[in-house]
Amino acid sequence: MMRKALALVLFGQFLFAQEKPQYLFEELYFADPSVHVFNKKIYIYPSHDIQTEVTDAANGGHFNMKDYHVLSLESPSQKAKDEGLILKLEDVPWAEKQLWAPDIAKKGKNYYFYFPAKDKNGIFRIGLATSKNPAGPFKAEKEPIKGTYSIDPKVLEDNGKYYIYFGGLKGGQLQQYRDNVHSEKYPNLGKDENALLPKMALLKNNMKGLAEAPKDIMILDENGKLLKAGDQHRRFFEGVWVHKYQNKYYLSYSTGETHKLVYATGDNPYGPFTFQGEILSPVVGWTTHHSIVEIDKKWYLFYHDSKLSGGKSYLRSLKVRELKYDENGKIIPMNGQD
Ligand code: FUB
C-alpha cells in the first residue's frame, strides 16, 4: 500500500515537473527563440542580449545586440549547448546596429537566416544570410531584402512555398508605414481606429527577395471585425509566429504593452485570422517573444523572461515548456510567472 502511494506521488511529481518551464541556457543572456528541428536535432536561433550603456528605452535602443549565436539540443528536457557565433554586425555591410529577433528556413541543402537590423539611416530592414550548415557560419547578403521593413521576421514553409511574416510596433517602427510607404509623420491611431497589422509576403524561389508586395494580415474579433488600436489585450504588437495544427494555421504574437502572448486561427497562410485567446500571461520583463514547435509528437512553447537578470528587460533568458491543446484545438493558457 505504502509503496503504491509513494509510486503515485513520484509519478505525480514527474508529471508536474514536465509541465513546469525550465531555463535552457544560463551562462549568457539570449532571447526571442526561433526553434527548428533540422536533421533530427533541435536548433535555437535567438537574439543575443548584452549589457549596454544605451538607455533609449522608448525606441528600444537598449536592445543593442551585436551578434547571433545558435544553440542546439537533442530533447527539450535538456540544457542547450552554445554552438557559437554565426553572424556578427560588422559582417553585415548594410547594418548599423540592433540585431533583433531572427528566424531561419531550410530549402534544399541551404539554410536561410532572416534577421532585422537598423540600417545607416536608423531604419529597421530585414536582412538575409545563408549557409550550408544549420550551425553556420552564415554569409550576409550585401543589401537588406528589398521591400522589407520593421522587425521580427518569421518564415513559414507550406506546401512547398515559403512565406515571410514581419512587423513590430514602437521601437520596431511598424507605425511608420501605411501601404508599405514610410513616413515618420503618420499620426498616432485613435483607440477606435483599426489596429496596425503584421505583414506577410510570399518569398521568391531563390528565398532572397519578396515575390509580392507585403500584405496586411487581418486579425478579426468574434464578430468578424478588425481588432481596434485601443484593444491592447488582443491587438498585434510584435513577435509573430505561425504554425499549423490539425490543418489550421495558428498566428501567435505579443500584445506589447499588456505583455501577453495570444493567438488567432485561420484557414490559409494569408488569413484572415480570428482571435482565439491567451497563450501565456505576462512574464517577468517587458517583452515576450516565442516560438511553438512540435517535437516527437509533443508541442512546446519556447520563450524568454528576465527573472535571471533581476528583471532587466534587455537581459533575457531562454525557457521552454510543454504546450497543450484541448479537444477543440484551443491552446490551454499558461502562467508566465512560473
Ligand atoms: O529582442 C529585441 C526585440 O524585443 C524583439 O525583436 C522583439 O520581438 C522583442 O522581443
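**Ground rules.** I am working with a predicted model, where local features need pLDDT of at least 70, side-chain atom pairs count only at pLDDT 80 or more, and totals for chains, interfaces and linings use all residues. I number residues from 1 along each chain as its sequence is written, and side-chain values use heavy atoms, with hydrogens and water left out.

**The ligand.** Which residues surround the ligand? I listed Asp 32, Ser 47, Met 65, Trp 100, Ala 101, Ile 151, Asp 152, Glu 238, Thr 287, His 289, His 304 and Arg 316; a residue is near a molecule if one of its heavy atoms lies within 4 Å of it. I sorted this shell into four nonpolar, four polar and four charged residues. For the sorting, Ala, Val, Leu, Ile, Met, Phe, Trp, Tyr, Cys and Pro count as nonpolar, Asp, Glu, Lys and Arg as charged, and the others, Gly among them, as polar.

Next I looked up distances to oxygen atoms of the ligand. I found 2.6 Å for an N or O atom in the side chain of His 289, 2.7 Å for a polar side-chain atom of Arg 316, and 3.4 Å for a backbone N or O atom of Ala 101. The protein covers 99% of the 270 Å² of accessible area that the ligand has on its own (Shrake-Rupley method, 1.4 Å probe).

**Aromatic rings.** My search of the whole structure gave 24 aromatic pairs (ring centres within 6.5 Å; planes under 30 degrees apart are stacked, over 60 edge-to-face, the rest tilted; for Trp the six-membered ring is used). Tyr 245 and Tyr 250 make an edge-to-face pair, 6.0 Å centre to centre with 80 degrees between the planes. Both Tyr 245 and Tyr 250 are buried (under 20% relative accessible area; exposed is over 50%, partly exposed in between; 1.4 Å probe, protein chains only).

I also noted a charge over a ring: the charged end of Lys 154 sits 3.5 Å from the centre of the Trp 241 ring (NZ of Lys or CZ of Arg within 6 Å of the centre and within 35 degrees of the ring normal). Arg 234 lies over the face of Phe 275, 5.5 Å from the ring centre.

Is Gly 285 buried or partly exposed? I found Gly 285 partly exposed, because its relative accessible area is 22%. Asn 64 counts as buried, because its relative accessibility is 13%.

Conventions:
Polar contact = N/O pair within 3.5 Å; in protein donor to acceptor, adjacent residues only side chain to side chain.
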